[in-house]
Amino acid sequence: MSDDIEDTAIVSLRDIMDEDELREALSVLGGSDPEHCSYTKGYVKRQAVFACSTCTPTGVDPGGLCLACANICHDGHDIFELYTKRQFRCDCGNDKFGDFNCQLNPTKDSLNLKNKYNHNFCGKYCSCDRPYPDADDQVDDEMIQCIICEDWYHTRHLGCAVVDSEELQEMVCEACMNKAPFLWSYAAHIAAAPVIKVGHSGEELEVNVDELENQEDRKCEAFRNGGEGSSCQTLDKQPENRSAAFKRTHQEMTDSPVKTHGCRLKELPTGGPHRAREGAVFWPYNWRSKLCTCVSCKRAYVKAEVQFLLDESDTVLAYENSGRAQPLGEDRLMSFLSSLDHVQQLEMIYHYNDLKTELTTFLQQHAVEHKVVTAEDIEQFFEGLQSRKRGRPNAGY
């Protein structure tokens, strides 16, 4: 985009968002550097990643870009955002891009062999392998990212009812649960209880399996009878007002997550709740700290390629918090604009330019006629602008 359009877009962002809203919007960049290629940092734990369909269209070996290369090297190209990927190194200018050279770091290895790619890099998502947004999909459906494969799924394709709770921070899809099958054992005790649909008189009701009092009592009793090595903290009934994600009991705050006499996985009570091994699983805040860290379990994490689950700084929440902590500036605002897709960019700039043009014409007309602009004139101007906006197709964004 030209400098004039960049300036216009930045002004429009400041006009339509307050500082807190801007910080929340910019959190998706996770503090990524908008000016310097991240290649020199190696395989970054987490960063904003983009793909360029101009340079790597469908059918070509996919490649990923850091924020700076998406902004500078591929300015004017058809860029789409992939949100965040873990352990990724910028591909801009390597063999995946043919004769295209990176302007910020032209001396790169031919390939980044440790990078992992999926169909997201080709603009496809979910088990249905469809684009997003999808012009042929008439269902208004939210998409949720799996924290292991990092693919995005329509909620209707997760194989379970979506649990709406402030305490649930992460989701693991069914395919990834099966790749790391030991997670099913933890899911029965730590994760959100599965929601099942039961029919009654022609109506469907959603029932939380763990909300049955007798079952709750049996769970805690099983823990208490397990001896000193057992704990009931993950299954004890929580206070009714404990809805915020960051509220924890005194026991959770004082018990060290590494204090154990053996393998936590083996110490899970066999007589505990049964959970069918199907559908995606939603996990609560701080669930990673409850995973066993014995040598045998660590080997299992490595074998399943999920060792990052032991790193709580790997979470998307930690990534976004790093973005929220960054100071606001023109470069960050421009980076946010660049992270929007082409349609969103044009919509934002269009609406701002529309307002500026019509307001300028309105004021010039009053100046030519030597009329004083009254409060009633301003009110009529915006009412007319709003009515014209409602009359245009695709007027909102």
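How many aromatic pairs does the count come to? Eight, by the ring rule set out in point 3.

1. Basis. This is a predicted model, in which local features need pLDDT of at least 70, side-chain atom pairs count only at pLDDT 80 or more, and totals for chains, interfaces and linings use all residues. Residues are numbered from 1 along each chain as its sequence is written, and side-chain values use heavy atoms, with hydrogens and water left out.

2. Strand E1 covers residues 44–52. Helices (H or I, at least four residues) and strands (E, at least two) are DSSP runs, numbered from the N terminus. Eight of the nine residues of E1 are buried, so the strand is largely enclosed by the rest of the structure. Buried means under 20% relative accessible area, exposed over 50%, and partly exposed in between (1.4 Å probe, protein chains only). E1 pairs with strand E2 (residues 79–88) in the antiparallel sense, over seven bridges. Strands pair if DSSP finds at least two bridges between them. Cys52 has Ile79 of E2 as its bridge partner.

3. Aromatic pairs. A pair of aromatic rings is described by the distance of the centres and the angle of the planes. Rings of Phe, Tyr and Trp (its six-membered ring) pair if their centres lie within 6.5 Å; planes under 30 degrees apart count as stacked, over 60 as edge-to-face and the rest as tilted. The count is eight pairs. Among them are Tyr117 and Phe121, with centres 5.2 Å apart and planes at 70°, so this pair is edge-to-face. Tyr117 is partly exposed, at 27% relative accessible area. Phe121 is buried, at 2%. Trp283 and Trp287 are stacked, 4.1 Å centre to centre with 25° between the planes. Both Trp283 and Trp287 are buried. Ring pairs also join Tyr83, Trp152 and Tyr319 into a cluster.

4. Charges over rings. The rule here is NZ of Lys or CZ of Arg within 6 Å of the ring centre and within 35 degrees of the ring normal. Arg86 lies over the face of Phe308, 3.6 Å from the ring centre. Arg89 has its charged end over the ring of Tyr39, 3.8 Å from the centre.

5. Glu174. This residue lies in helix H4 (residues 174–179). Glu174 is partly exposed, with a relative accessible area of 30%. Leu158 is 16 residues away from Glu174 in sequence and 7.5 Å away in space, C-alpha to C-alpha. Beyond neighbours within four places in sequence, Glu174 is in contact (heavy atoms within 4.5 Å) with Trp184, Arg277, Glu278, Gly279 and Ala280.
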